[in-house]
Amino acid sequence: MLYIFDLDGTIRVTRSGRPCPNCMSDQVLLPGVKKKLIELEEAGHKLVIATNQGGVSHGYMTVLEVWQNILQVNVLCDYVFSDCRVSYYSPSVPRSINFVDDAKPKPDMLLSIMNCQRPEMGAVYVGNAKIDKQAAKAADISFCWAHEFFGTRDKFAWEVVENEHGYHPKDWFALNQEFMLDIDKGVNPHSPGYYCNGFYDPSGME
Ligand SMILES: [Mg+2]
């Protein structure tokens with residue numbers, strides 16, 4: 001089976017509460033993700049990422065920074081991902097004309113991945129947003145919500161992260177302290193600070 005994953009809110013979240021990380025120390029894996037991905041990879045399935053990174057069009061981050069972060073995600077996941085497709089396009093930014101308009105909910109990235117695989121290989125897209133479901137439907141492949149796929153204990157986490165413009169990140173961390181502490185035991189052991197922009201006081205986590 002070919003498993004294609006959305007990235008933000010599906011595989012990772014940010015410590016700062018931003019929709020996407022703008023530095024490697026701002027990203028953490030969501031609970032249960034690494035274990036599940038390794039199980040799938042060891043069972044012989046193929047794992048790929050398909051993600052919108054429209055922040056590049058907005059100037060929030062560079063293409064290089066996007067790929068540095070994705071590489072680190074793959075390192076954190078023991079290199080389970082064999083391929084990745086990224087859309088830098090944002091329809092709300094005029095300079096996006098410099099990029100290809102292939103962002104979800106368009107199916108382009110998913111179709112591109114499918115074209116590189118054996119036709120008989122079944123495929124499913126795992127995501128946390130409506131555009132993920134729409135893209136899977138347009139590509140004529142199965143879809144699964146991230147919280148169901150990874151069996152998280154708290155669906156609320158994904159709902160809040162999905163609502164990228166309507167929440168205060170402090171609320172998310174306050175409700176998920178146990179998760180974040182568990183995750184951090186294996187993530188960024190050399191990170192100098194708990195949160196790279198000091199948005200949340202780490203003393204409150206202990
Ligand atoms: Mg997402």
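The model is a predicted one, in which local features require pLDDT of at least 70 and side-chain atom pairs count only at pLDDT 80 or more, whereas totals for chains, interfaces and linings use all residues. Residues are numbered from 1 along each chain as its sequence is written.

The secondary structure of the protein comprises 9 helices and 7 strands, where helices (H or I, at least four residues) and strands (E, at least two) are DSSP runs numbered from the N terminus. Of the 206 residues in the protein, 39% are buried; a residue is buried if 20 or more other C-beta atoms lie within 10 Å of its own, exposed if 12 or fewer, and partly exposed in between, with C-beta atoms placed from the backbone. Contacts are pairs of residues whose C-beta atoms, placed from the backbone, lie within 7 Å. Among contacts between residues at least 6 apart in sequence, 66% join residues at least 24 apart.

The mean pLDDT (the predictor's confidence in each residue, from 0 to 100) is 76 for the protein, and 71% of its residues reach 70 or more. Confidence is highest in strand β1 (residues 2-5), at a mean of 97, and lowest in helix α9 (residues 177-184), at 43. Residues 164-173 stay under 50 in pLDDT, and the model has 13 contacts beyond four places in sequence for them. The pLDDT is also below 50 over residues 175-206, a stretch with 34 contacts in the model beyond near neighbours in sequence. Where pLDDT is low, the predicted coordinates should not be read in detail.

An open sheet of 5 strands is present, with parallel pairing and the order β5-β4-β1-β6-β7; two strands pair if DSSP finds at least two bridges between them. Because β5 and β7 stand at the edges, each with a single partner strand, one side of each has no neighbour in the sheet. Neighbouring strands of the sheet are turned by 25° against each other on average, direction ignored, the axes being lines fitted to C-alpha atoms (for helices over the stretch in contact) and angles running from 0 to 180 degrees between N-to-C directions. The parallel strands β6 and β7 are joined by 4 bridges, and Y125 stands opposite F143 in β7.

In helix α5 (residues 130-139) the buried residues are D132, A135, A136 and A139. These cover an arc of only 100° around the axis, and therefore lie on the same side of α5; the arc is that of the directions from the helix axis to the C-beta atoms. An α-helix has 3.6 residues a turn, so residues three or four places apart point the same way. The buried residues of α5 pack against α4 (108-115), β6 (123-127) and β7 (142-145).

Most residues other than glycine have a negative phi, and most peptide bonds are trans. D140, in the loop between α5 and β7, has a positive phi of about 60° although it is not a glycine. D140 is exposed, with 11 other C-beta atoms within 10 Å. Y79, in the loop between α3 (63-76) and β5, likewise is not a glycine and has a positive phi of about 60°. Y79 is exposed, with 12 other C-beta atoms within 10 Å. A cis peptide bond with omega of about 20° joins K104 and P105, and P105 lies in the loop between β5 (81-87) and α4.

Technical notes
Two residues are in contact if their C-beta atoms, placed from the backbone, lie within 7 Å.
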